[in-house]
Amino acid sequence: MPGRAEGGAVERQRWRLAFLATPLAATLPTPSFAHASDRGHVLLLPTGYYIAGGALAVAVSFLVLALLPPAALDRFWRRRLPLFAFSDTPRIVVSLISFAGFALLIAAGLSGSRDPLSNPLPLVIWTLLWAGFTLLQGVFGDLWSWLNPWYGPWRVLSRLVGSRRAEAPPSRLINWLGYWPAFVLFFAFAWFELIDPAPDDPARLALAAGLYWLASLVAMLIFGYDPWSKRGEFLTVFFAMVARFAPVERLDGRLSLCWPGAKLLAGDPLPLSGTAFLLLALSSVSFDGLSKTFFWLSLFGVNPLEYPGRTALLGIGSSGLVLTLVLLAAVFALAAFLGQRLAGDAQSLGKAAGLLVWSIVPIALAYHIAHYLTVLLVDGQYALVALSDPFALGWNLFGTANRMVEAGVVAGAESAWWLWNLQAGVIIAGHVLAVLVAHGLAWRLHPQPSRAALSQLPLTLLMIAYTIFGLWLLATPTAG
């Protein structure tokens, strides 16, 4: 039996048993599909040692950086290895191909299999795009500017109507709104992914994705491609921020290699809306991990061994998503404020927070990779199977329709050991790099090295605390 069909059969058999055992199950208002990040096993490892080691690594990184001369670190960050140059000419063709693929996925979502593990649309959006492509952006740079499904259609339509507002200056409205449109849309996306009862339902997801694509295209035609994509289209904003971490840089058409995070140091201070957007990127994936822990559910009297499903937890989940963002924003603002007070310089809190928030990017990327790693390893295989037969008609377009899905790659004691060590290592490395980036940004605020080091003490403590929190999330039991 093909791996995809086999997984679906096992899942359907499990649901049949559940319905037989629970007479009232048929009265549930909305089906709750499994979310991509659900973890199927508990990692019983000596987490205390990992947590202590991770916190110590971040603390030692701060001490070492505080003692190093700023000039040496500045030379370190400025190093580049030139590669080759290439033009943007094929960009429109690549984007049109991407749009054609997106249109086929929408059609598959509307008319293909109802099983989220057999329909390619949920697997491509939640696994390949959200879980996997974010990693590619962080490694290879801004691939999304070429692969997004808007640029090509926008170029075609703008030529037809005689408008070429690709690089038109932002309107007063866009300048006034800042990143708030992207923030609101990102929050809606996070809510749909984490709280909605059925984010994996193919038809439901196809309707949401199709309407979003259409609304974004209309906004680009009205405001111009660059102004809206850089401030309003949340995927482009998010992927562009992640790409700043990548060790690949493209400047004036020429590619070069740099140190991971070097481009973050050249970022301009973000306005309040941009700061909120980056903090949402971190808080949403953190809440995704927190929301199914035994600890979180016990706060609301929910028995984690009898998980009631998303429909019963809509209010709790929505409030938790907001609360996580508010708490992270408050703690980050407090760390930036205390850092400015310790440094003794008359820098505004908005400028300091808007600049230092770039150091959140390595942490957000590390959490994203660690949190979705198991999803990518297992559901990525399901995606390969589903893409070969997108409409469930017995096709085998890419020769992978009969591929057996190896779920054992994340199951068992041996797999758990290497998986948890890899996830823990990614989180610790992300926080160490964040400390490194934060020091470079602090020198832009405080040229005097002693003041720059003092300003980073509160933020370093926050990063140590978040390292502990992240490692605890990986190891604590979860339900659902």
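**Notebook: aromatic rings**

I counted 30 aromatic pairs, where rings of Phe, Tyr and Trp (its six-membered ring) pair if their centres lie within 6.5 Å. I noted that this is a predicted model, where local features need pLDDT of at least 70, side-chain atom pairs count only at pLDDT 80 or more, and totals for chains, interfaces and linings use all residues. Residues are numbered from 1 along each chain as its sequence is written, and side-chain values use heavy atoms, with hydrogens and water left out.

**Phe133 and Trp144**

I looked up this pair next. The ring centres of Phe133 and Trp144 are 5.9 Å apart and the planes stand at 65°, so I call the pair edge-to-face (planes over 60 degrees apart; under 30 is stacked, the rest tilted). Phe133 belongs to helix α5 (residues 120-140) and Trp144 to helix α6 (residues 144-147), so the pair ties together parts 11 residues apart in sequence. Helices here are DSSP runs of H or I, at least four residues, numbered from the N terminus. Phe133 is buried at 9% relative accessibility, and Trp144 is buried at 6%; buried means under 20% relative accessible area, with a 1.4 Å probe and protein chains only.

**Phe189 and Phe234**

I found this aromatic pair to be tilted, with 5.0 Å centre to centre and 40° between the planes. Phe189 is in helix α9 (residues 180-194) and Phe234 in helix α12 (residues 234-243), so parts 45 residues apart in sequence are tied together. Both Phe189 and Phe234 are buried.

**Charges over rings**

Which ring does the charged end of Arg231 sit over? I found Tyr179, with 4.8 Å to the ring centre. The rule asks for NZ of Lys or CZ of Arg within 6 Å of the ring centre and within 35 degrees of the ring normal. I also noted Arg244 over the face of Trp358, 4.9 Å from the ring centre.

Conventions
Helices (H or I, at least four residues) and strands (E, at least two) are DSSP runs, numbered from the N terminus. Buried means under 20% relative accessible area, exposed over 50%, partly exposed in between (1.4 Å probe, protein chains only).
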